[in-house]
Amino acid sequence: AHTTTPNGVFGTKAQFTQISNFVGMQRLESLFPTPLKFIYIERKDQVRQAVSMARAIQGNRWTSEETEQGDLAYDDHLTGQCHREISVQKKGWEMHFYQNKIEPFRIVYEDFYPKPAPVILDALHFLGITIPDGFQVPAPRLKKQADELNEQWVREYRSRRA
């Protein structure tokens with residue numbers, strides 16, 4: 001009730017292991033009064049995603065609104081762990097969708113980031129949310145965090161696996 005909007009919509013972002021470890025995938029649907037609709041966001045370039053995750057862990061910076069902390073250094077072991085974790089998360093969600101005959105609304109990060117408005121409008125349609133006349137998708141609050149350091153780490157990770 002605290003975060004449900006006036007039109008009755010509640011949304012949350014969750015990793016597969018967060019749900020499976022703390023709620024249980026079989027209990028998930030029972031926690032909500034109406035059938036759930038899933039929006040599944042994935043990155044095609046999972047190496048870049050792993051590098052971003054490793055950097056977020058090292059710098060304790062998960063959004064562009066936070067300040068990066070400490071010294072950052074490429075860590076092949078950590079990046080590899082992040083890469084494996086992303087794969088496990090993806091497989092977990094895909095298995096959940098398959099077993100429960102769920103067809104989520106799928107968003108590919110690389111398509112979404114440069115032009116979010118059309119994807120957001122499609123997602124609202126998928127959710128069955130009426131879009132008021134004159135509605136404009138607001139500018140994103142968060143900024144892309146990747147920079148040249150990410151690119152260096154991507155090159156390093158890939159070169160060690162070539």
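Does Asp-45, at 16% relative accessibility, count as buried or exposed? Buried: Asp-45 falls under the cut-off, where buried means under 20% relative accessible area, exposed over 50% and partly exposed in between (1.4 Å probe, protein chains only). A few notes on the rest follow.

1. Ground rules. This is a predicted model, where local features need pLDDT of at least 70, side-chain atom pairs count only at pLDDT 80 or more, and totals for chains, interfaces and linings use all residues. Residues are numbered from 1 along each chain as its sequence is written, and side-chain values use heavy atoms, with hydrogens and water left out.

2. Confidence. The average pLDDT (the predictor's confidence in each residue, from 0 to 100) is 92, and 100% of the residues score at least 70.

3. Layout. You'll find six helices and two strands, taken as DSSP runs (helices H or I, at least four residues; strands E, at least two) numbered from the N terminus. Along the sequence the order is α-β-α-α-β-α-α-α. Buried residues make up 27% of the 162 residues.

4. Leaving aside residues up to four places away in sequence, Trp-93 touches Ala-14, Gln-15, Phe-16, Ile-19, Met-25, Phe-38 and Tyr-40, a contact being heavy atoms within 4.5 Å.

5. Asp-45 and its partner. Back to the opening residue: Asp-45 makes a salt bridge with Arg-48, with the closest N and O atoms 2.6 Å apart. The rule here is a side-chain nitrogen of Lys or Arg within 4 Å of a carboxyl oxygen of Asp or Glu. Arg-48 is partly exposed, at 26%.

6. Arg-55 sits in helix H2 (residues 46–59) and Asp-147 in the loop between H5 and H6, 92 residues apart, so the pair links distant parts of the chain. Arg-55 is buried at 9%, whereas Asp-147 is partly exposed at 34%.

7. The network. Glu-42, Lys-44, Lys-90, Glu-94, Glu-103 and Arg-106 are linked by salt bridges. Within this group, Lys-44 and Glu-42 pair at 3.8 Å, N to O; Lys-44 is exposed at 58%, but Glu-42 is buried at 13%.
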